[in-house]
Amino acid sequence: MTAQYSTVIQTHSKARIIALIIGIGLAMPLLFFGFLTAQQAMTRASDQAPQSVVVSGITKSSASIQWATDRESQAMVEYGTSPGDLNQFAPEASSVTDHEVKLTLLTPSTTYYFRIKVGDTEYDNAGVPWTFTTKTLAGEDVETDVKGVADQVKNLLLSPKPSTPSAGILQCSSMTCEQVRGNLGRGCSARDYVQCMAKQTAVSGIPGVTSRPSIAVTTVTPTPTTAVITSNTCKLDEIRADNSCVSWTWDTMATKYPSCQNAFSYYELECSNTSAVPAPGVTAAPLVRYFKNAIDDIEMNYVTLPEINRPTPAAGSTVYCRVRAVDKAGDATVWMSGSRQCQ
């Protein structure tokens with residue numbers, strides 16, 4: 001009896017092993033086919049990725065976007081005057097491997113941002129849109145390599161928008177400079193803001209007045225100001241420290257719009273044992289500087305105290321630091337200040 005049960009168990013075990021082997025044999029081709037399918041899908045996606053993206057034929061109102069792909073595809077160029085609002089579109093007419101899309105009805109002396117979309121996949125320049133700048137009304141190149149903010153503002157003022165609105169482009173309909181600044185990137189541009197400030201300054205002598213003057217201004221020759229960099233777009237928002245007052249960080253220009261990133265050359269950082277303006281009734285302590293220098297890497301946003309050959313902040317003391325971004329011409333954002341009691 002026992003021998004019979006043993007024989008039955010062995011027979012069932014053999015049957016399970018045979019079934020398992022057959023199952024594996026059937027599954028292997030399916031797994032291999034799935035792997036090949038996934039690999040082919042990845043290859044297809046890679047084949048349609050834009051390569052060697054260039055911008056050519058730039059004029060005051062047009063530009064051509066060119067790129068290549070390993071296989072034929074039909075794409076669309078999404079573009080606009082703000083990297084966060086690419087609200088204009090230029091589709092290709094057919095599937096090709098050598099691509100060229102011409103953008104027209106562009107505004108002179110304006111920086112445009114764009115990306116390329118194939119199907120549901122969006123391609124850009126390592127996480128940010130590609131960019132180019134149209135020429136001035138006179139057909140000259142805009143001096144985008146000049147880091148002086150005053151020079152950039154001057155270029156904006158000398159290249160006004162055309163009087164006839166371009167089709168398909170959002171127009172700024174705000175009436176006051178404050179409204180313009182509040183609508184930057186939503187129909188209004190930095191150019192609109194600067195022109196608004198320039199007109200009001202020319203008439204009233206007071207920048208930022210609350211209403212647009214009724215006096216007609218036909219010719220405006222304002223002195224270039226730092227109106228752009230004092231707006232909410234480019235100013236530094238915060239500077240902070242750890243509990244020991246040793247490590248200080250701030251929001252770097254790398255987090256701002258490309259127009260802000262391109263405007264500035266370095267930071268100025270000052271740290272001491274007293275604020276620049278003591279509280280009322282408080283006698284300023286003898287000045288002790290922990291740091292006072294320029295930081296020439298515009299993407300850097302941290303520093304460790306103290307600077308070489310300067311004293312170290314003592315436990316229980318309070319450290320005051322302030323930072324600002326400075327351009328090549330010497331114009332700067334407003335100081336951003338912070339303090340920390342050392343532990």
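## A walk through the predicted model

A salt bridge here is a side-chain nitrogen of Lys or Arg within 4 Å of a carboxyl oxygen of Asp or Glu. The pair links distant parts of the chain, for E78 sits in strand 3 (residues 76-80) and R115 in strand 6 (residues 111-118), 37 residues apart. Helices (H or I, at least four residues) and strands (E, at least two) are DSSP runs, numbered from the N terminus.

Before going on, a word about the source: this is a predicted model, in which local features need pLDDT of at least 70 and side-chain atom pairs count only at pLDDT 80 or more, while totals for chains, interfaces and linings use all residues. Residues are numbered from 1 along each chain as its sequence is written, and side-chain values use heavy atoms, with hydrogens and water left out.

Back to our pair. E78 counts as buried at 5% relative accessibility, whereas R115 is partly exposed, with a relative accessible area of 24%. Buried means under 20% relative accessible area, exposed means over 50%, and partly exposed lies in between (1.4 Å probe, protein chains only). E122 joins in as well: E78, R115 and E122 are linked in a network of salt bridges.

The structure holds eight salt bridges. Side chains of opposite charge can pair when their charged atoms come close. One of the eight brings R240 and E238 together at 3.2 Å, N to O. In this pair R240 is partly exposed at 37%, and E238 is partly exposed at 39%. In another, the side chains of E307 and R310 meet at 3.0 Å, N to O. Here E307 counts as buried at 15% relative accessibility, while R310 is partly exposed at 29%.

Now step back to see the whole chain. It has five helices and 15 strands, and 32% of its 343 residues count as buried. Of the contacts with a separation of 6 or more, 58% are between residues 24 or more positions apart; contact means heavy atoms within 4.5 Å. The chain exposes about 19,900 Å², and carbon and sulfur atoms supply 55% of this area. Accessible areas come from the Shrake-Rupley method with a 1.4 Å probe, and for residues only the protein chains shown count as cover.

What lies inside? A nonpolar core is a set of buried Ala, Val, Leu, Ile, Met, Phe, Trp, Tyr and Cys residues joined through side-chain atoms within 4.5 Å. The largest such core has 26 residues, of which Y267, L269 and V319 touch the most other members. The elements that give two or more residues to this core are strand 9 (239-241), strand 10 (247-250), strand 11 (266-272), strand 12 (289-295) and strand 14 (318-326). Strand 14 provides the largest share, four residues. A second, separate core has 17 residues, among them V77, V101, L106 and Y123.

Two disulfides are found in the structure, a disulfide being a pair of cysteine sulfur atoms within 2.5 Å. One joins C245 to C342, with 2.2 Å from S to S. The torsion about their S-S bond is about -115°, so this disulfide is left-handed. C245 lies in the loop between strand 9 and strand 10 and C342 in the segment after strand 15 (336-341), so the pair ties together parts that are 97 residues apart in sequence. C245 is buried at 0% relative accessible area, and C342 is buried at 4%.

The other disulfide is formed by C271 and C321, whose sulfur atoms are 1.9 Å apart. With a torsion of about 115° about the S-S bond, the disulfide of C271 and C321 is right-handed, so its label follows from that angle. C271 in strand 11 and C321 in strand 14 are 50 residues apart, and the pair links distant parts of the chain. Both C271 and C321 are buried.

Finally, look at the backbone. Most residues other than glycine have a negative phi, and most peptide bonds are trans. The peptide bond from L305 to P306, however, is cis, with omega near 0°, and P306 is placed in the loop between strand 13 (302-304) and strand 14. That loop also holds N309, which is not a glycine but has a positive phi near 70°. N309 counts as exposed, at 80% relative accessibility. S109 has a positive phi too, about 55°, and is found in the loop between strand 5 (96-103) and strand 6. S109 is buried, with a relative accessible area of 9%.
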